[in-house]
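Try each task before reading its solution.

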Amino acid sequence: MGTLKIAVQKSGRLSEKSLQLLSDCGIRLSNGERRLKAVSPNFPVEILFLRDDDIPQYVEEGVADAGILGQNEVWEKNKDVTEVKPLGFAGCRLSLAVPKDALYTGPDFFNNRKVATSYPVILQKYFDENNINAQIETISGSVEIAPAIGLADGIFDIVSTGSTLQINGLKEVEQVIKSEAVLIANKTLTPEKQEILDKLLFRIQSVRNAAENKYILLNAPNESVAEISRILPGMKSPTVLPLAEEGWSSIHSVIREDTFWDIIDKLKALGAEGILVTNVEKMIL
Ligand code: ATP
Ligand code: MG
């Protein structure tokens, strides 16, 4: 059987979480040191450690079969690759920002102005779509200092909390795109490699389902069981077991993390007691 070559960021914000995802998928890596590559003794993949900027090109050319990187980098590089699956980490947005005291009334502000960025392709597309004629200054790092040193009137950069903008006396004025980590793949994988990719995707899906769900156990008076079962549908329907104490049942189910607090309040109102909530490690639907 062949091997699927997966490129991950060598060192940076994505490295740790990319390797964690593979580990959560049960893929062990022989060579713990991140040198150039690592192989797995229990899954047919080889990991290539590369700069994230280079990953789209390598995947397009087939040097790597797949890669994990930010969507922002995929869109900026504009290579001919498939976005297979968003991965739910490294969430951020790419925004336009201007000096705090600038009089900003809308995107027209940028007409005939200079904007510094490391993402000229994405920014030019935005300006074209909004009929704005701005000058883009492409720089590779420390974009946020550009207005203070007189290089530009505004910047276009990654924002997550906004604290970097604040420190540099800037305010976010337009959110242009949202981005998260994504699995990309070469457009023409051999059937063998496609099969490995599909197996990997199945595992990633199980890990992500699990992360989004909690396992819940509780005790409830029998007269509330029907109503509680409606609130806690679970994967098929909840498991209901009689308790030794007359008139009471134990209910087991799965709930989505994001509905958790709402549901807990309703359950308490229905007389639920001894509510236990635990993490789910893998979840196969
Ligand atoms: P280099 O290429 O020099 O390693 P980089 O800026 O490309 O630097 P990182 O800073 O590690 O690399 O960022 C990698 C990716 O992580 C970005 O392309 C983006 O998708 C995501 N990211 C960057 N900054 C943040 C942030 N503050 N919050 C969340 N995700 C971020
Ligand atoms: Mg980079």
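**Exercise 1.** How far is an oxygen atom of ligand 1 from an N or O atom in the side chain of Gln 9? Then look for further contacts of this kind.

*Solution.* Before starting, note that this is a predicted model, where local features need pLDDT of at least 70, side-chain atom pairs count only at pLDDT 80 or more, and totals for chains, interfaces and linings use all residues. Residues are numbered from 1 along each chain as its sequence is written, chains are lettered from A and ligands numbered from 1 in the order in which they are written, and side-chain values use heavy atoms, leaving out hydrogens and water.

Step 1: for Gln 9 the distance is 3.1 Å.
Step 2: the side chain of Asp 53 has an N or O atom 2.9 Å from an oxygen atom of ligand 1.
Step 3: Asn 72 places a polar side-chain atom 2.7 Å from a ligand 1 oxygen.
Step 4: ligand 1 taken alone exposes 620 Å², of which the protein buries 74% (Shrake-Rupley areas with a 1.4 Å probe).

**Exercise 2.** Which residues are the closest of those that surround ligand 1?

*Solution.* Of the 16 surrounding residues, the closest are Arg 13, Arg 51, Asp 53, Asn 72 and Ser 160 (a heavy atom within 4 Å counts).

**Exercise 3.** Into which domains is the chain divided?

*Solution.* Step 1: the division gives domain 1 (4–89 + 181–189), domain 2 (92–179) and domain 3 (213–279), with bounds from an automatic or database domain assignment.
Step 1: between the C-alpha centres of domain 2 and domain 3 there are 49 Å.

Notes. Polar contact = N/O pair within 3.5 Å; in protein donor to acceptor, adjacent residues only side chain to side chain.
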